[in-house]
Amino acid sequence: MKGFKEFLLRGNVVELAVAVVIGAAFTNIINAFVKGVINPIVGAFGAKDLGTYSSCLKGPCEVSATGEVTTGIFILWGSVLSAILQFVITAAVVYFFLILPMTKLAARRKSLAEIQAEAEAKEVVLLTEIRDALVTQQR
């Protein structure tokens, strides 16, 4: 039980749980965006919902009033297109609003660390020169 408690309280598990919750909420935002913005734009050129786009692979294709396929084989490519759009939008938002800024921040921190390391190296060289000069002066 002790090992399980340590596992749960480890930082990575908590961070992962927070990421899952945030991801689920973010998915709802993206789904609402696709449903509220993308689908109406597509609806201006065709059907209002991408999910209604389909093709009959083997016909004749008939659909009942409840939306179930009674005969034929339907390819529901509209729902696949909708899922692809949601994925691309989600990936773009994550990249441009999370990954890119974090990469720039990491690069900035790295350059600051390099500048500090160079300053410390110069300071060590200067202190070594001062020590050597003092030793030479004492002789």
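Mentor: What follows is a short chat about some bonds, pairs and positions in this model, which is a predicted one.

Trainee: Good. How many disulfides does a search of the whole structure find?
Mentor: The search turns up 1 disulfide.

Trainee: Which residues form the disulfide, and how far apart are their sulfur atoms?
Mentor: The partners are C56 and C61, with sulfur atoms 1.6 Å apart. That falls within the 2.5 Å cut-off for a disulfide.

Trainee: And which hand does the disulfide of C56 and C61 have?
Mentor: The disulfide is right-handed, because the torsion about the S-S bond is about 80°.

Trainee: What about accessibility, say for C56?
Mentor: C56 has 39% relative accessibility, so C56 counts as partly exposed. C61 has 22% and also counts as partly exposed. The cut-off for buried is under 20%.

Trainee: Switching to rings: how many aromatic pairs are there in the whole structure?
Mentor: The search finds 1 aromatic pair. The rings belong to Y95 and F96, and their centres are 5.0 Å apart.

Trainee: Why is the pair of Y95 and F96 called edge-to-face?
Mentor: The planes of the two rings stand at 80°, so the pair is edge-to-face. The cut-off for that label is over 60 degrees.

Trainee: Where is Y95 placed?
Mentor: Y95 sits in helix α3, which covers residues 77–138. With a relative accessible area of 40%, Y95 is partly exposed.

Trainee: Which residues make the nonpolar surface patch?
Mentor: V94, Y95, F96, F97, L98 and I99 make the patch, and its area is about 610 Å². So Y95 and F96, the edge-to-face pair, are both among the patch residues.

Trainee: Now charges. What is the count of salt bridges?
Mentor: The count comes to 1 salt bridge. R131 pairs with D132 in a salt bridge, and the closest N and O atoms are 3.1 Å apart.

Trainee: Is D132 buried or exposed, or in between?
Mentor: D132 is partly exposed, at a relative accessible area of 37%.

Trainee: Next, where is L76?
Mentor: L76 is in the loop between β2 (69–75) and α3. L76 has a relative accessible area of 48%, and is partly exposed.

Trainee: Which residues is L76 in contact with, leaving aside neighbours within four places in sequence?
Mentor: With those neighbours set aside, L76 is in contact with Y53 and S54.

Trainee: What separates the C-alpha atoms of T70 and G51?
Mentor: A distance of 18 Å separates them, and the two residues are 19 residues apart along the chain.

Trainee: Last one: which helix is G23 found in?
Mentor: G23 is found in helix α2, residues 11–43. G23 counts as partly exposed, at 27% relative accessibility. From G23 to F33 the C-alpha distance is 15 Å, and the two are 10 residues apart in sequence.

Trainee: Thanks, that helps a lot!

Key
Residues are numbered from 1 along each chain as its sequence is written. This is a predicted model: local features need pLDDT of at least 70, side-chain atom pairs count only at pLDDT 80 or more; totals for chains, interfaces and linings use all residues. Side-chain values use heavy atoms; hydrogens and water are left out. Rings of Phe, Tyr and Trp (its six-membered ring) pair if their centres lie within 6.5 Å; planes under 30 degrees apart count as stacked, over 60 as edge-to-face and the rest as tilted. Buried means under 20% relative accessible area, exposed over 50%, partly exposed in between (1.4 Å probe, protein chains only). Patches are made of residues with over 30% relative accessible area and no salt bridge: like charges are joined within 9 Å, nonpolar side chains (Val, Leu, Ile, Met, Phe, Trp, Tyr) within 5 Å. Accessible areas come from the Shrake-Rupley method with a 1.4 Å probe; for residues, only the protein chains shown count as cover. A salt bridge is a side-chain nitrogen of Lys or Arg within 4 Å of a carboxyl oxygen of Asp or Glu. Helices (H or I, at least four residues) and strands (E, at least two) are DSSP runs, numbered from the N terminus. Contact means heavy atoms within 4.5 Å.
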